[in-house]
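Visitor: I have a structure open here and would like to talk it through with you. Could we start with the inside and then move to the surface?

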Amino acid sequence: MRAASGTGHPGAHSHAPRRGGAQALNGALQAKLNAQGAPSISRFGSTFAPGDKVIQQVNNYDKEVFNGDVGHIVAIDLEEGSLQVDFEGRSVGYELRELDELSLAYAMSIHKSQGSEYPAVVIPVAMSHYRMLARNLLYTGITRGKRLVVLVGQKKALRIAVRTGQSHQRLTLLRERLEMCLGKRI
């Protein structure tokens with residue numbers, strides 16, 4: 001096994017308005033912050049290496065790790081087909097077939113970051129995310145940073161986000177479906 005070399009910036013965190021943006025940022029940030037991470041394992045569309053910051057995507061009661069827990073890969077054993085993740089001082093082992101429970105966590109959606117704080121956050125604010133430009137999302141992203149918040153993007157996008165009082169209405173038809181099931185208006 002190879003131990004992690006302390007790569008990356010454990011205090012810095014990047015937010016993206018949507019999950020797809022976070023996935024793209026994760027690949028780019030991994031290439032810059034942990035390019036020398038080896039050995040590596042590729043599974044389920046992601047490549048993992050010692051030093052990578054990862055997030056647990058589902059509750060795993062047997063391992064006592066839960067959706068949203070963030071850790072760092074400390075070792076990979078290619079012969080055994082396993083890796084070890086440190087979750088705040090507690091080492092948790094994963095077999096190859098379990099790696100779909102993890103994803104890179106250099107960046108995550110603002111929604112996924114709710115309830116967490118980081119010493120520093122970077123938030124892209126761009127017109128390409130027009131539907132996500134809303135004051136409540138911007139506020140949530142900004143309040144995740146304890147000491148430093150960096151907004152990267154366009155001034156126009158920031159103005160729109162600040163002026164948009166609520167995010168766009170979600171078209172789920174939930175009310176109509178509940179009314180149909182209950183047989184009355186709610």
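Visitor: What does the largest nonpolar core have in it?
Guide: This is a predicted model, and in it the largest nonpolar core has 15 residues, of which Phe48, Leu83, Val85, Tyr94 and Leu102 have the most contacts inside the core.

Visitor: And which strands each supply at least two residues of this core?
Guide: Strand E6 (70-77), strand E7 (82-87), strand E8 (90-95) and strand E9 (102-104) each supply at least two residues, and E7 gives the most to this core, with three residues.

Visitor: Where is valine 122 found?
Guide: Valine 122 is found in strand E11, which runs over residues 118-125.

Visitor: Why does valine 122 count as partly exposed?
Guide: Valine 122 counts as partly exposed because its relative accessibility is 32%, and partly exposed lies between the cut-offs of under 20% for buried and over 50% for exposed.

Visitor: Switching to charge, which residues form the positive surface patch?
Guide: The positive surface patch is formed by Lys155, Lys156, Arg159 and Arg163; one of these, arginine 163, has its place in helix H4, which spans residues 155-163.

Visitor: Is arginine 163 buried or exposed?
Guide: Arginine 163 counts as exposed, because its relative accessibility is 66% and the cut-off for exposed is over 50%.

Methods:
Residues numbered from 1 in each chain as written. Predicted model: local features only at pLDDT ≥ 70, side-chain atom pairs only at ≥ 80, totals over all residues. Heavy atoms only, no water. Patch = residues over 30% accessible without salt bridge, like charges linked within 9 Å, V, L, I, M, F, W, Y side chains within 5 Å. Areas by Shrake-Rupley, 256 points an atom, 1.4 Å probe, with all protein chains shown as cover. Salt bridge = Lys/Arg side-chain N within 4 Å of Asp/Glu carboxyl O. Lys, Arg positive; Asp, Glu negative; His and termini not counted. Charge placed at Lys NZ, Arg CZ, Asp CG, Glu CD. Helix = DSSP H or I, 4+ residues; strand = E, 2+ residues; numbered from the N terminus. Buried < 20%, exposed > 50% of the residue type's maximum accessible area, 1.4 Å probe, protein only. Core = buried A, V, L, I, M, F, W, Y, C linked by side-chain atoms within 4.5 Å.
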